[in-house]
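Subject: Structure handover

Hello,

Here is the structure I promised to pass on. Please have a look at it first; my notes follow below.

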Amino acid sequence: MPFRGTTRSRRWRRVARGLYLPRGVSPTLAAELAAWRLILPPSAVFTSLTAAELRGWWLPAAVEHPVFVAVPRSDAHPQRLGLLVTRHPQAIPADEIDGLSVASPAETLLTTARYLSVLDLVILGDSALRLQTCTVEELTKAAAQRRRGAPLLRTVIPLLDGRSESPWESVLRVLHLTAGIDVEPQKQIYDDWGRFVARADLWLVGTRRIHEYDGEVHRDLAVHRNDLRRDRRLVEIDWQRIGFTSSQLIYEGASILAGVDQLLGRRWDPRRLARWEALLDASLLRPSGRARAARRWSVPPPGH
């Protein structure tokens, strides 16, 4: 059980000022939040990135962030380093997870939209839809409210797709959509005899090219062997597969878009790249976005 008070005993691990957990307790998020619960009013609800992490959603990046909590305006709340509290005129919808009051999925995304960017929200929203913790209709209803974050959530909803199978697949898809490239996730490809050949991360509609994210799992020997067999079968039926790493998606957008322009017979338009670069710079995937979020959360940026 968490402990509130003061102690110098080495049997306790400090969570925040006046909050401790036994050192033998596994440092899970739920255990940490149970300690924070000791200083919060009964009406408090964990929300934003804290709720997303507790639900097991994909996160845009592993960044230090405060514990996000929502409370009604009528209730007092503590001022504590590492705690970010938003006040609401009435109680927000919540579920119980691990004995903790956690904002509903739609409310979680709406609250997160106060602090993060389009690309960050797409990653979170894709994960929520993939896990079937909420629906597009529920997100649309939440975004219709007159609240901070609602305009950004309305912008993001048309970009979401629950078929995404990883955060970087979501990033890859948004790169193409931002440049006006028509794509279809999880395209199933068959040969002329109707035999299944592959399921692709992203199909460039109207072409015989697929784009995919190549993560660390593809370095595994067995996975690599299967990838080579799959690539050979695609070549045999005149399909082209191109894989991209996370580093390429963040820093080599120009070459990716130039290759697609050549395939589609389009002229190069620097405005397409500028839109993509703006999304990246605002997101937690780049240092500029992480520094911006740290300033809003009053958290020291990495390296400080």
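**What was found**

The protein chain exposes about 15800 Å², and carbon and sulfur atoms supply 51% of that area. Accessible areas come from the Shrake-Rupley method with a 1.4 Å probe, and for residues only the protein chains shown count as cover.

Some ground rules. This is a predicted model, where local features need pLDDT of at least 70, side-chain atom pairs count only at pLDDT 80 or more, and totals for chains, interfaces and linings use all residues. Residues are numbered from 1 along each chain as its sequence is written, and side-chain values use heavy atoms, with hydrogens and water left out.

**Overall**

The chain has 12 helices and 12 strands (DSSP runs numbered from the N terminus: helices are H or I with at least four residues, strands E with at least two). Its C-alpha trace spans about 70 × 45 × 40 Å along the principal axes.

**Aromatic rings**

There are five aromatic pairs (rings of Phe, Tyr and Trp, the last by its six-membered ring, with centres within 6.5 Å; planes under 30 degrees apart are stacked, over 60 edge-to-face, the rest tilted). Tyr-190 and Phe-196 form an edge-to-face pair, 5.7 Å centre to centre with 70° between the planes. Tyr-190 is partly exposed, at 41% relative accessible area. Phe-196 is partly exposed as well, at 41%.

Trp-203 and Trp-239 form a tilted pair: 6.5 Å centre to centre, 50° between the planes. Trp-203 lies in strand β10 and Trp-239 in the loop between α8 (221-236) and β12 (240-244), so this pair ties together parts 36 residues apart in sequence. Both Trp-203 and Trp-239 are buried.

Elsewhere, Phe-68, Tyr-115 and Trp-297 form one aromatic cluster.

**Cavities**

The structure holds two cavities of 30 Å³ or more. On a 1 Å grid over the protein atoms alone, a cavity is a set of points where a 1.4 Å probe fits but cannot get out; lining residues have an atom within 4 Å of a point. Grid points are joined across faces, edges and corners, and a volume is the space filled by probe spheres set on the points.

The largest cavity has a volume of about 40 Å³. α7 (167-178) gives the largest share of its lining, four residues. The second largest cavity also holds about 40 Å³. Strand β5 (residues 67-72) gives the largest share of that lining, three residues.

Best wishes

How values were computed:
On a 1 Å grid over the protein atoms alone, a cavity is a set of points where a 1.4 Å probe fits but cannot get out, and a pocket is an open set with protein on both sides within 12 Å along at least five of seven lines; lining residues have an atom within 4 Å of a point. Buried means under 20% relative accessible area, exposed over 50%, partly exposed in between (1.4 Å probe, protein chains only).
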